[in-house]
Amino acid sequence: MKAARLHQFDETLTREELLRIEEVPEPKVQGPDDVIVRIGGAGLCRTDLHIVEGIWRSKLTPPLPYTLGHENAGWVEAVGEGVRTVKTGDPVIVHPLITDGTCLPCRRGEDMYCLNGRFPGASHDGGFAQFLFTRERSVLKLPSNLAPKDVAPYADAGLTAYRAARKAAASLRPGMAAVILGFGGLGHIAHRFSEAFALQQL
């Protein structure tokens, strides 16, 4: 398969020098809850740019070169024998973290603190490729009216903003106010979620 591979950390490189399109082996189903996703859209996150600039080089575990991309959506290409919630051909959005579901943080509903979490695009190959390896816990079937390319950025930016808006909504009551500082990629999404939560309370 084709993948856009990062070969070195350097903020001075041109776009053409930064990521190289290369042929790499396709990921394969190995376990019962494995899911292979054919990528239909992959968002470029500020975190990806920080990775490229080398800001996170001490925190990253994969050896270079590797494939970036943690905001992914597409169609299920293959599933392990234990997968029940999606099937081949289903459109899905992919949570940016692969979790085990059994450790204490996962059982508390704090999956982002999973003791065995793996992060596509940071700890192993991500979605700037034709196919992505993940697990059943990390895919959510999309309704038929949503195209994967249109929702891929919500896999990370949307989740981040949703969590903040949900936490705020639990504390805010009618007549109270909240302030969003910064109206960039996350801020405008948080605003939309805040509106939705406000309507639910009416």
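The structure is a predicted model, in which local features need pLDDT of at least 70 and side-chain atom pairs count only at pLDDT 80 or more, while totals for chains, interfaces and linings use all residues. Residues are numbered from 1 along each chain as its sequence is written, and side-chain values use heavy atoms, with hydrogens and water left out. Helices (H or I, at least four residues) and strands (E, at least two) are DSSP runs, numbered from the N terminus.

**Sheet**

- An open sheet of 3 strands runs in the order β2-β1-β4 with antiparallel pairing, where two strands pair if DSSP finds at least two bridges between them.
- The edge strands, each pairing on one side only, are β2 (19-23) and β4 (66-67).
- Strands β1 and β2 are joined in the antiparallel sense over 5 bridges, and A4 has I21 in β2 as its bridge partner.

- Helix α2 (residues 46-53) has T47, D48, I51 and V52 as its buried residues, buried meaning under 20% relative accessible area, exposed over 50% and partly exposed in between (1.4 Å probe, protein chains only).
- Seen down the axis of α2, these buried residues fall within an arc of 145°, so they line one face of the helix; the arc is that of the directions from the helix axis to the C-beta atoms.
- After α2 comes G54, whose phi is positive, near 90°.
- The largest nonpolar core has 11 residues, namely A4, L6, F9, L18, I51, V52, L60, Y66, L68, A122 and F128; such a core is a set of buried Ala, Val, Leu, Ile, Met, Phe, Trp, Tyr and Cys residues joined through side-chain atoms within 4.5 Å.
- To this core, β1 (2-6) and α2 each supply at least two residues.
- Another core, of 10 residues, lies apart from it and has I39, V76, V92 and L132 among its members.

**Salt bridges**

- The whole structure holds 11 salt bridges, each defined as a side-chain nitrogen of Lys or Arg within 4 Å of a carboxyl oxygen of Asp or Glu.
- One of them joins K2 to E23, with the closest N and O atoms 3.2 Å apart; K2 lies in strand β1 and E23 in strand β2, so the pair ties together parts that are 21 residues apart in sequence.
- K2 is partly exposed at 46% relative accessibility, whereas E23 is exposed at 56%.
- D90 and K141 meet through their side chains at 3.8 Å, N to O, and this pair links D90 in the loop between β5 (71-79) and β6 (91-94) with K141 in strand β8, 51 residues apart.
- D90 is buried, with a relative accessible area of 6%, while K141 is partly exposed at 45%.
- A further salt bridge, between the side chains of D111 and R137, has an N to O distance of 2.3 Å; D111 is in the loop between α3 (104-107) and β7, and R137 in the loop between β7 and β8, 26 residues apart.
- D111 is partly exposed at 24% relative accessible area, and R137 is likewise partly exposed, at 43%.
- Salt bridges that share partners also join R5, E22 and D125 into one network.

**A buried loop residue**

- S138 is located in the loop between β7 (131-135) and β8 (139-141), and at 2% relative accessibility S138 counts as buried.
- Leaving aside residues up to four places away in sequence, S138 touches I93, V94, H95, L97, I98 and T99, contact meaning heavy atoms within 4.5 Å.
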